[in-house]
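This briefing is for a reader meeting the structure for the first time.

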Amino acid sequence: MTLRLTVIGTGYLGATHAACMAELGFEVLGVDTNVQRIEELSRGELPFHEPELPALLRKHVASGKLRFTTSIQEAAEFGDVHFIAVGTPQRAGENAADMQYVDSAIASLAAAIRKDALIVGKSTVPVGSSRRLKSIIHDVAHHGAKIDFAWNPEFLREGFAVQDTLHPDRLVVGTDSPSADQKLRQVYAAALRRDTPYISTDFETAELVKVAANAFLATKISFINAFSEVVEVVGGDIRTLADAIGHDARIGRRFLNAGAGFGGGCLPKDIRALQARVSELGLDHTMQFLNEIDEINLRRRERVVHLVTEELGELPGKTVAILGSAFKPNSDDVRDSPALDIAAKLFNAGADVKMYDPKANKNAAKRFPRLNYCDTLPEVMEGADIGVLLTEWDEFKMMKPYDVEQQVKQKKIVDGRNVLNPQEWKDAGWRFTALGQRTEAP
Ligand code: UDX
């Protein structure tokens, strides 16, 4: 019998997981408390930008394999396997993760289940959560229902969410139940046939794999950005440095792109939540280095503000054109985006800030409505005293000095992602500065 799946929480992770599971042939029910979102998804409309996902969503809404509901009761009756994909945002004013959505999703689902079922957590949670959640399930479960439980962290990247879900580089399952493990092997049979590594482990390891991976990636980025600070003083070229150490297979070149640093809905909050969790465990010093990683990252944003101020002499009366507002290219997500943060800082310091992002204008305007949003690259550069590239969209990477020289007031550009060719801009008569390069006297 084919398993019927539900996915509770239809944000980035949940909507992607639901559509991909339908693509694998399962009947899937997506569940969310957000009525508007459920209506949009039911019409096959995706409320955020993610390549490949709209087509998959439309295909399976049309085929009937993928449906959406706001009813947890309906989910409990429908599903054999329930994936929990609700958010664990940073708690306001604290570093710790807010577990209220996971807790209430699992408690209400478990209380409504009347048959044998498996609940699988996918959200990123503090270590120790699974055991706590397992006992909640035990407390609320109907005596007629046998509910299995597993933790199966998700490693998908925005912009590659479909590929990462359909072709994961590994699967991690934490459980103490052989039948849970066996059911998940059934769910992931397609990946297992391709010999995708399947790591079957305990709850704590599964929870930690996710936060350890994100902490490592954040550390890599801040590591190279710390060297940017050195290069900015002594001279040298951060890209060449990253290329050269990246050739060492033990180090690897990926995630060594120096620039305005990391943002988004995961890396920043996950390293903070990890610190908060280990402190709770009495291990105050163990993850202290992550505080440094966070600080290096945030200092990059200050550095851009400083560079722009230096280049312009003063900010009031000057027009700054910001290229990009998403936290990374191929996404319309502006959560903790370095670009938007830098734009807001420049605005608050008195600059006239124009901003253009190929996909994220709308979300940026919701968070920071007072900037002057533009619809094209020439429009944002019109009248600019300086251009500041902060999200490395292809459109910006391919930009040539002569594409925008007619529009600008002053030929000044800051490369906040190290993606432009400095010589090309200098040869065209521009004043070119970048993160991770020493600024020459004007
Ligand atoms: C991340 C993890 O990669 C993913 O495995 C996890 O499931 C969720 O968190 P995501 O938030 O989509 O994914 O973004 P990612 O591609 O990791 O980039 C994070 C941030 O780091 C972006 O702001 C990006 O611009 C920045 N970054 C990345 C750098 O500054 N330099 C790099 O070399 C790489």
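The model is a predicted one, and the points below describe what was computed from it.

- Glutamine 437 has a relative accessibility of 12% and therefore counts as buried, the limit being under 20%.
- The side chain of glutamine 437 makes a polar contact of 3.5 Å with the side chain of asparagine 418.

**Where the ligand lies**

- Residues from domain 1 (4-200) and from domain 2 (215-434) both belong to the shell around the ligand, so the ligand lies between the two domains.
- Helix α10, which covers residues 203-234, contributes four residues to this shell, and that is the most from any element.
- There are 20 residues around the ligand, and those that come nearest are Phe155, Leu156, Glu158, Asn257 and Phe327.
- By residue type, the shell holds ten nonpolar, six charged and four polar residues.

**Backbone atoms facing the ligand**

- A polar backbone atom of leucine 156 is 2.8 Å from an oxygen atom of the ligand; Leu156 is also among the residues that come nearest to the ligand.
- At glycine 263, a backbone N or O atom lies 3.0 Å from a ligand oxygen atom.
- For leucine 256, the distance between a polar backbone atom and an oxygen atom of the ligand is 3.4 Å.
- The ligand taken alone exposes 670 Å², and the protein buries 93% of that area.

**Cysteines without a disulfide**

- How many disulfides does the structure hold? The number is zero.
- The closest cysteine sulfur to that of cysteine 20 belongs to cysteine 266 and is 16 Å away, which is too far for a bond because a disulfide needs the two sulfur atoms within 2.5 Å.
- Is cysteine 20 buried or exposed? Cysteine 20 is buried, at a relative accessible area of 0%.

Terms used
Residues numbered from 1 in each chain as written. Predicted model: local features only at pLDDT ≥ 70, side-chain atom pairs only at ≥ 80, totals over all residues. Heavy atoms only, no water. Near = heavy atom within 4 Å. Polar contact = N/O pair within 3.5 Å; in protein donor to acceptor, adjacent residues only side chain to side chain. Areas by Shrake-Rupley, 256 points an atom, 1.4 Å probe, with all protein chains shown as cover. Helix = DSSP H or I, 4+ residues; strand = E, 2+ residues; numbered from the N terminus. Nonpolar A, V, L, I, M, F, W, Y, C, P; charged D, E, K, R; others polar. Domains from an automatic or database assignment. Buried < 20%, exposed > 50% of the residue type's maximum accessible area, 1.4 Å probe, protein only.
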